[in-house]
Amino acid sequence: MLALESVTYRYAGATRPSLRDVSVAFGDGEVVGVTGRSEAGKTTLCLVACGIAPRTVGGTLTGRVLLDGEDTAPLPMHALVGRVGMGFSRPATQLSGVAGTVYEEVAFGPMNLGLPRAEVIERTESAIAALRIEPLAARDPRRLSGGQQQLVSMAGLLALRPAHLVLDEPTAQLDPAGTRLVGAALGRLAERGASIAVTEQKTDLLAAIATRIVVVDEARVVLEGPAADVLADPALEGFGVAAPAPIRLERAAAAADLPAGAIARLREAAAK
Amino acid sequence: MTAAALLTGGLLAPALVTVVGVLAPAVVARNVWRLARTALLLTLPLAVSILLVNVLFFPGGQEVIFAVGPVRATVEGLRFAIETLLRLAAISGAISLFYLTTPPGELAVDLERRGVSPRLTFIVHAAVQTVPAMVERAAAITAAQRARGLDTEGSPWKRLRGLLPLAGPVLLGSIADVEERTMALEARGFTRPGRRTLLWHPADSGGQAAARWLMLAVVPALVVARAFGLLDWMG
């Protein structure tokens, strides 16, 4: 369980807080989607949840961040690594910059943890297999496309085997197939008991992978609940988030006064 | 090699150092042409000026080859220039050979294996690796600016002016990246104290180790030899 308790956070030099009195919990085995319009505070929520704010970026934080019930305030960053993984949206800046091959790039985190060599290899290979990037293993990570780099950096996170994972738009540059692979890998991780927070604008993806959804607007949590309920909430669009395609289709069908049977058939077709 | 070239004088010794210490390994590594090109590019302007200044303006030169007005080319000057150029060849050759035969990744891993701080090796390694990325970024920004109508072709003055709007985005963009890179590195445990696991290390044969010790031993030996005047016969 990774939890924020009435957290207010302001970046150094900012006049207004980027998170206001936010309380949210990411439970074990849960994939929680965090969504909202640009600049709403999604990335800040990620940075605070995984401890990078305020440790690395400065700023002031009030309230508590709890990791399995333990207040994280006195812990240094490296003590959080391996417990909380954080993925950023721009894949190029997540590459270590010193790995000549994708294999070494994925192994970078486990190597930093000082794990036995055999375990580093085992973790690296299973993370590479999970995202099906074996054909890229010997390539130079800087010479890959944005989407490929995103898969590589995701593999690097999976290799850390964190109990909690915070991902900021992990599929921003991915094609639909890559998006499905990341979704499936997150699902498997959650099944093993990890808690996962994912910020995402693609509500169709959230509908597929999220168990619960948190909507952030103007630095506050404005909507929270089971994924199906939040995604069907009419207030959602008011917070700058488009409902998933099937729900929009259903609404359009209802607005066009189609007979009830037609709507049911549309729903079935959209679910396929 | 560099130290050996500086410690020995005359014509023979630096020539020997160049042939035995630089050219022979380059032949083994099949890198002679790239080595010659790199070393030449590195030292050509310096070499030309050394040659001109010494041949034409060597103080106290007696044997005149030719004279044009106040300028007199002398044999002593030529001799001194050749001595200096041979040293320069040994030095630039040794440095170029090192860069051509040592991948930065292998160097970093080996230094770390020998106990150098991973942060230090990271800085060196990442800096070397970042250069191509910066060049690519600059090319992308130039393309984007030209697509929006910036004129970067034509006269040298126009090209120079085209550079200015490039400098800002390239430098600022790289600096902005640093913050996210730092966060990503921290999130992957790079700042954790204690030893990192290393997956591999470069092959190191007995011959290589012996060569390193030999090179290390030659330097103090030369210092002693020079101090006692044992190298004077080399001229």
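How many residues lie between β1(B) and β2(B) in the hairpin they form, and which residue in the turn has a positive phi? The legends below answer this and describe other parts of the predicted model.

**Figure 1. The hairpin of β1(B) and β2(B).** Two residues separate the strands of this hairpin, and B:Gly69 in the turn has a positive phi of about 60°. Strand β1 of chain B covers residues 64-68 and strand β2 of chain B covers residues 71-74; the two run antiparallel and are joined by four bridges. Across the pair, B:Ala67 stands opposite B:Arg72 of β2(B).

**Figure 2. The open sheet of chain A.** Four strands make up this sheet, in the order β2-β1-β4-β5, and their pairing is antiparallel. The edges are taken by β2 (19-26) and β5 (70-71) of chain A; each has a single partner strand, so one side of each lacks a neighbour in the sheet. Helix α1 of chain A, residues 42-49, packs on the sheet and touches β1 (2-10), β2 and β4 of chain A. The direction of α1 makes about 120° with that of β1(A).

**Figure 3. Strand pairs around A:Leu4.** β1(A) is joined to β2(A) by five bridges, and the two strands run antiparallel. In that pair, A:Leu4 stands opposite A:Val24 in β2(A). β1(A) also pairs with β4(A) in the antiparallel sense, over seven bridges. Here A:Leu4 stands opposite A:Val65 in β4(A).

**Figure 4. The pairing of β4(A) with β5(A).** Strand β4 of chain A spans residues 60-67 and pairs with β5(A) over two bridges, in the antiparallel sense. A:Leu66 has A:Asp71, in β5(A), as its bridge partner. β5 of chain A is an edge strand of the sheet.

**Figure 5. The side of chain A that touches chain B.** In the contact between the chains, 31 residues of chain A meet 28 residues of chain B. On the chain A side, α3 (77-80), β6 (84-87), α4 (102-112) and α5 (117-130) each supply at least two residues. The largest share, six residues, comes from α4(A). By class, this side of chain A has 14 nonpolar, 13 polar and four charged residues.

**Figure 6. The two domains of chain B.** Domain 1 of chain B is made up of 2-101 + 205-234, and domain 2 is 107-187. The C-alpha centres of these two domains of chain B are 35 Å apart.

Technical notes
Residues numbered from 1 in each chain as written. Chains lettered and ligands numbered in written order. Predicted model: local features only at pLDDT ≥ 70, side-chain atom pairs only at ≥ 80, totals over all residues. Domains from an automatic or database assignment. Pairing = 2+ DSSP bridges. Contact = placed C-beta atoms within 7 Å. Axes fitted to C-alpha atoms, helices over the stretch in contact; angles between N-to-C directions. Nonpolar A, V, L, I, M, F, W, Y, C, P; charged D, E, K, R; others polar.
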